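Student: Hi! I have a protein model open and I'd like to walk through it with you. Can we take it bit by bit?

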Amino acid sequence: MSVNDRILNAQLRGKIMSADEAAALIPSGVNVGMSGFTGAGYPKVVPAALAKRILDANLRGQRFKISVWTGASTAPELDGALAMVDGIEMRLPYQSDPTCRKRINAGEMEYIDIHLSHVAQFVWGGFLGKLDIAVVEVAGVTEDGLLIPSSSVGNNKTWLDQADKIILEVNAWQNPELEGMHDIYYGTALPPHRKPIPILKSADRIGIPYYRVDLDKVIAVVETNHPDRNTPFTPPDENSRRIAGHILEFLQHEVKKGRLPENLLPLQSGVGNVANAVMAGLRDGPFENLTAYTEVLQDGMLELIRCGKLTCASATSFSLSPDALTELNANLKDFKNKILLRPQEISNHPEVIRRLGVIAMNGLIEADIYGNVNSTHIMGTSIMNGIGGSGDFARNAFISIFMTPSSAKGGTISCIVPMASHVDHTEHDVQVIVTEQGLADLRGLSPKQRARTIIENCAHPNFKPALREYFERALRYSPGKHTPHLLDEAFTFLPNWMANKAAREAWRDDSLVQADAWRK
């Protein structure tokens, strides 16, 4: 099917132009909402054309920057291209691009790390300023002007509603079978006019399969035929398989205790190899008729659908390896009735997550002995990616699980530390911590009980003695005994401090921090 076959509305056919012509309509200093969520459904050609325009302006000595709002991370053609030419003034709400990260941590780009469920209401409330332009990829346009969403939804509904002007990329690469898979809800409102979100199970449809748009706001339509960019997942390693095994054993225990039904509760899983290993374990495990209420659908969940273990998955985007994406597109008719893609304000909505009783599984960078989790920062000051949707799910889940290998950088760094150098998820939102060493069920435990449980079950054996020593001394010398800490020592457990005596003495002698060991 050609691109023109995708644009059935006569008014929008009259606005077709090149990417360069569309990019010329974006001035410096504006806020631009762009589609895209984890490498799916982002605009493919207008951002690159805009980057060229910014580079030309830079060569003329002119300052040209825009603020970029998206659903989550995107791809090098968007984040990378604009960051490379220093074209981004402000970025939100989540990124994973190395060039963006470098500029943010160098202080050359402003970055707001927001819970993904909050972005739409921030924009509707005017907290972020006016949204000037939306650049949104769609899979097609119906004759009456409705837009067929592509492989991610993210914040696109909000961008299309709120932007003064709209540029559409109509991508013929996107599978036409996507039409009908989406559930775009138009019933949200700001206080005091809010109503309950009427989702009682993952499969409930509450909206329509299309975006509505004011056609008069559309200033350009660009034809494309470019694939999404997705990264292959590496096969689960031994640590990932052991983490998955601990989680599956825990879930089986919860079923036996009567705290979970035999088909569990809706699953949420963050992106990554450990998450895929958990899904692989579920494929081979005893659970049937599973459901998912999550933000991204990755390889492991697609495999669960294919083998019949997962009956329904609600998300806001795909995050698939190239092989899994090929399988999806080849068999989309078969997958279509088991997958719903929703706006992220719905996929991550606290009310729905709490009502459904989601089992949330997310990764971390470090956790401290009391259960506080850092999922965003290295050495407490440098952003890695962002909080994404993990906070939406952790705070509201029926069971909140965080998982990580117990050590990093070839075993030189402990991922279990006395005090987290940055906290994204407080101990109040963290119920279970899992490493390859074991699982710590923190429910019903006081801080001191949590500390002992985490150290004994989750810490790597190379770091366990030092963590025990710190905790025992904190019990004796901390001024407060509820959450004992030695504040003059708590952060000396940063990289290499626990690795050997010489490193500890080096710290005490000249306060050197081995920051490079944390770089990922």
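Student: Which side chain does the side chain of Thr 376 make a polar contact with?
Tutor: Good place to begin, and keep in mind that this is a predicted model. The partner is the side chain of Asp 424, with 2.9 Å between the two in the polar contact.

Student: Where is Thr 376 found?
Tutor: Look at the loop between β17 (373-374) and β18 (377-378). Thr 376 is part of that loop.

Student: Is Thr 376 buried or exposed, and why?
Tutor: Thr 376 counts as buried because its relative accessibility is 0%, and the cut-off for buried is under 20%.

Student: What is Thr 376 in contact with, besides its neighbours within four places in sequence?
Tutor: Among them are Asp 113, Ile 365, His 422 and Asp 424. The run Ser 382, Ile 383, Met 384, Asn 385, Gly 386 and Ile 387 also touches Thr 376.

Student: You mentioned β17. What sheet is β17 in?
Tutor: β17 belongs to an open sheet of 3 strands, in the order β17-β16-β23, with mixed pairing. At the edges sit β17 and β23 (416-417), each pairing on one side only.

Student: How do β16 and β17 run, and how many bridges join them?
Tutor: They run antiparallel, and 2 bridges join β16 (residues 366-368) to β17. To see the pairing on screen, find Ala 367, which stands opposite Val 373 in β17.

Student: What holds paired strands together in general?
Tutor: Strands of a sheet pair through backbone hydrogen bonds, and the pairing can be parallel or antiparallel.

Student: Which strands run parallel to β7?
Tutor: Two to look at are β5 and β8. Strand β5 (residues 133-141) pairs with β7 in the parallel sense over 5 bridges, and Ala 134 stands opposite Ile 166 in β7. On the β8 side, 6 bridges join the parallel strands β7 and β8, with Asn 171 opposite Thr 224 in β8.

Student: How many residues of β7 are buried?
Tutor: 6 of its 7 residues are buried, so β7 is mostly covered.

Student: What lines the largest cavity?
Tutor: The lining includes Ser 151, Trp 173, Asp 228, Phe 318 and Leu 332. Helix α11 (residues 322-330) gives the largest share of that lining, with 3 residues. By class, the lining has 6 nonpolar residues, 4 polar and 1 charged.

Student: And how much space lies in the second largest pocket?
Tutor: About 390 Å³. There are 19 lining residues, and those nearest the centre of this pocket are Thr 188, Ala 189, Arg 194, Glu 345 and His 349.

Student: Which helices supply at least two residues of the lining of that second largest pocket?
Tutor: α6 (119-124), α7 (156-162) and α14 (350-356) each do. α6 contributes the largest share, 3 residues.

Student: What classes of residue are in the lining of that pocket?
Tutor: The lining of the second largest pocket splits into 7 nonpolar, 6 polar and 6 charged residues.

Student: Is phi of Leu 264 positive or negative?
Tutor: Positive, near 65°, in a residue other than glycine. Leu 264 is in the loop between α8 (238-256) and β9 (267-269), and it is buried, with a relative accessible area of 3%.

Student: What about phi of Asn 289?
Tutor: Phi of Asn 289 is near 55°, again a positive value in a residue other than glycine. Asn 289 lies in the loop between α9 (273-284) and β10 (290-293). At 48% relative accessibility, Asn 289 counts as partly exposed.

Definitions and conventions. Residues are numbered from 1 along each chain as its sequence is written. This is a predicted model: local features need pLDDT of at least 70, side-chain atom pairs count only at pLDDT 80 or more; totals for chains, interfaces and linings use all residues. Side-chain values use heavy atoms; hydrogens and water are left out. Helices (H or I, at least four residues) and strands (E, at least two) are DSSP runs, numbered from the N terminus. Buried means under 20% relative accessible area, exposed over 50%, partly exposed in between (1.4 Å probe, protein chains only). A polar contact is a pair of N or O atoms within 3.5 Å; within protein, one must be able to donate a hydrogen and the other to accept it, and residues adjacent in sequence count only if both atoms are side-chain atoms. Contact means heavy atoms within 4.5 Å. On a 1 Å grid over the protein atoms alone, a cavity is a set of points where a 1.4 Å probe fits but cannot get out, and a pocket is an open set with protein on both sides within 12 Å along at least five of seven lines; lining residues have an atom within 4 Å of a point. Ala, Val, Leu, Ile, Met, Phe, Trp, Tyr, Cys and Pro count as nonpolar, Asp, Glu, Lys and Arg as charged, and the others, Gly among them, as polar. Grid points are joined across faces, edges and corners, and a volume is the space filled by probe spheres set on the points. Two strands pair if DSSP finds at least two bridges between them.
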